[in-house]
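Thank you all for coming. Please take a moment to look at the sequence and the model on the screen, and then I will walk you through a few parts of it.

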Amino acid sequence: MVPVDQYLISPLYRIIDEHQAAAAFLVIGALAFWWARKASPGTRRAHLYTAFSQLSPGPRTATAAMAFSAVAHLGLVFGHEPNLLTLGYLATAAVMAYGVRIVMTGGRWRRWSAGLLGGSLAAFAIATVGGTAPDQIAMLTKLAELIGLAAALSPEPGARLARAGTAGIVIVTAALSISSWAGAFSSGGGHHHGEVPPPAVALPYGVDRNPTADEILAAAELHRRVVEALAPYRDPAVAAQAGYKIGDITTLDHHADNPDFKKDGRIMDPAYPETLVYAAGVNGPVLVGAMFQMDELGDTGPAIGGPLTVWHAHDHVCISFTGITGAVSPLGACSLGSVAIPITNEMIHVFVLDGAPDRFGELSDDWIKQAIGF
Amino acid sequence: MSEGMCMTSPQLLLRIILIVQATLLGVSGLESLVLGNPLALLIPGLATAGLILAIRRIDRIPTWSRRVIRMVEWTVLVTAAINLLLAIFMNQRLLEPVVIATQVVAPLAVLGLLKRSITPPVVPTRKDLVHGSR
C-alpha cells in the first residue's frame, strides 16, 4: 500500500468509486477512436473518422470536447444509483452527442459548442459552489469542455469581438478554477461523497465514535503536560535559544521549527515539540501551541486520547525555495517554480491558549483573534 | 462551410491552449498570495506576462516569442518530471490524470504546435530558378 492510501484525502486528487465507470468509458472511447482511425476506406467507421478529420481545427476541437463530455457523462450514469441526477447525466450525454452530430454535419458550430459546453461548465460551477467536491474525472471532463469552449470563443483573426472572445476564455478558465476550489473546500455534503477532508489534508481512516472515559482523561493529562512544558516558550527569545527558528511572526499561525527535535526518536514528548505555533498579537507574539510530528513518512501517530487526538498528514503540498506556496490546484498545477510533495509525515497540534474549543484539532482565525485581543 | 474554415490550424490551437495555460498560471500564482507568499508569485507572474505577450504575436511568432513559449513549456515539463521523481522516491501514486493533461500533454502539445506553426523560409528550388522567370 502506498502511504497516501492510508489516508482519506480530498476527492480532488483521486477518482472516486462512483466515477470509475466513467474512467473506463473514457478509455474505451479512446480505443474506439483509434479503431475508427484504423478502419479500411469505404466503411462507415472510416467515413466517421474522415468527416471528423476534415473539420477545420476550431470545430474539430469543439467536437472532440463534446464527444469526450458525452462519453464521460454516459459513464457517470452507470456509476450511480438511478435517480434524478443520473437522468441529468444521461441528458447531458445525449445533448453533447447531438452537438457532435450538428457540428459534423456543418451546423453553426460556434453557437452549438458554446451553448452546450458553456452550459455544462456553468452547471458544474453551480454544483461545486453548492458544496459538491469534484474529483479527477470531473476535472478532466471540465478541462476538455474548457478547451472546446475556448475553441468556440476563440475569435477569427481580425474579428470585431476578438477581445471579447479572449476575455471570455480567461473569465471561464478563472471561474472554473475558483468554483472547483470552492467545491473542494466545502468538505463534501454533495450528492455522493459524504464528508471529505479539504484539499491537502489527509486524515487516517477510522471509526466515528465518542471517546471513552479513559481516553478523555488521557487527553486531559497530555494537554496539561504540554501546557506546563511550553510555558517558558511564551517568550520567543527562550524558544530561539532552545533551537527554534522563530523568524518574523506576522500571521496568526506562524510555525517555528526546531530541526534538532526532528527525527530525534522522541515521539510526542511534551518537552521536545518539533514545532511551536505563534500568533502575531497586538502587543507582540503570542504562543498558541505546539505541533508534534512523526519521525518517518507513513508512521502512525499515537492516538493517546482516541478520537480526541487524531493525527493528520498533508498531501499534494506545493513548495518552492520561498516556502509553502499552496496545494496542487484543481487543474493540476502548483504555481510555476514550485514542486508537489505527495505526502508529509503525520502531525498533531496541541493548543495551549485558554479556552481553546478544540485543543488537539484546528483553531479558526476568528477565535485566535478574539483570544489574543486582536 | 462552417464558420471557422479560414483559420490556420496550428496557430489557432496554439492560441487556445496558451490562453488557457496563461490564465491557469496566473490563477495558481495568485493562490500563493492567499497563503501570504508573495515571492512565489514572481515566476508564474513572469511566465504569464511572457505568454500574454507571445499570444499577442501568435500570428507571426517572432523568435523572442518562440523562446518565451519554449522556456515556459520546458519549465512546466521539468517541474512535472521532478514531481514524478518525488512520487516514485516517496513510494506514492504517479501523476493524476488532470496533472498529466495540464503539466505533460499540454506543454508537449504547445511545443509540437509551435514547431508546426513556424512557416519554413521559402528556399527556391533548382526548378524554380530555371523556370522562375516564366
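Let me begin with chain B, whose secondary structure comes to five helices and zero strands, where helices (H or I, at least four residues) and strands (E, at least two) are DSSP runs numbered from the N terminus. This is a predicted model, in which local features need pLDDT of at least 70 and side-chain atom pairs count only at pLDDT 80 or more, while totals for chains, interfaces and linings use all residues. Residues are numbered from 1 along each chain as its sequence is written, chains are lettered from A and ligands numbered from 1 in the order in which they are written, and side-chain values use heavy atoms, with hydrogens and water left out.

Of the 134 residues in chain B, 45% are buried, and buried means under 20% relative accessible area, exposed over 50%, and partly exposed in between, with a 1.4 Å probe and protein chains only. Among the contacts in chain B with a separation of 6 or more, 70% come from residues 24 or more positions apart, a contact being heavy atoms within 4.5 Å.

Now look at helix α4 of chain B, residues 97-117, which bends by about 35° at B:V105, with the proline B:P107 following within four residues; the bend is the angle between axes fitted to the seven residues ending at a residue and the seven starting there. The buried residues of α4(B) include B:V98, B:P107 and B:L114, and what covers the buried residues includes α6 (136-153) of chain A together with α1 (9-34) and α3 (63-89) of chain B.

How do α3(A) and α1(B) pack, and at what angle? They pack at about 50°, with their axes 9 Å apart, the axes being lines fitted to C-alpha atoms, for helices over the stretch in contact, and the angles running from 0 to 180 degrees between N-to-C directions. That makes α3(A) oblique to α1(B), because angles under 35 degrees count as roughly parallel, over 145 as roughly antiparallel, 65 to 115 as roughly perpendicular and the rest as oblique. The contact is made by A:P57, A:G58 and A:T61 of α3(A) and B:S9, B:L12 and B:L13 of α1(B).

Finally, in chain A, residue A:A123 has its place in helix α5, residues 109-129, and A:A123 is partly exposed, with a relative accessible area of 45%.
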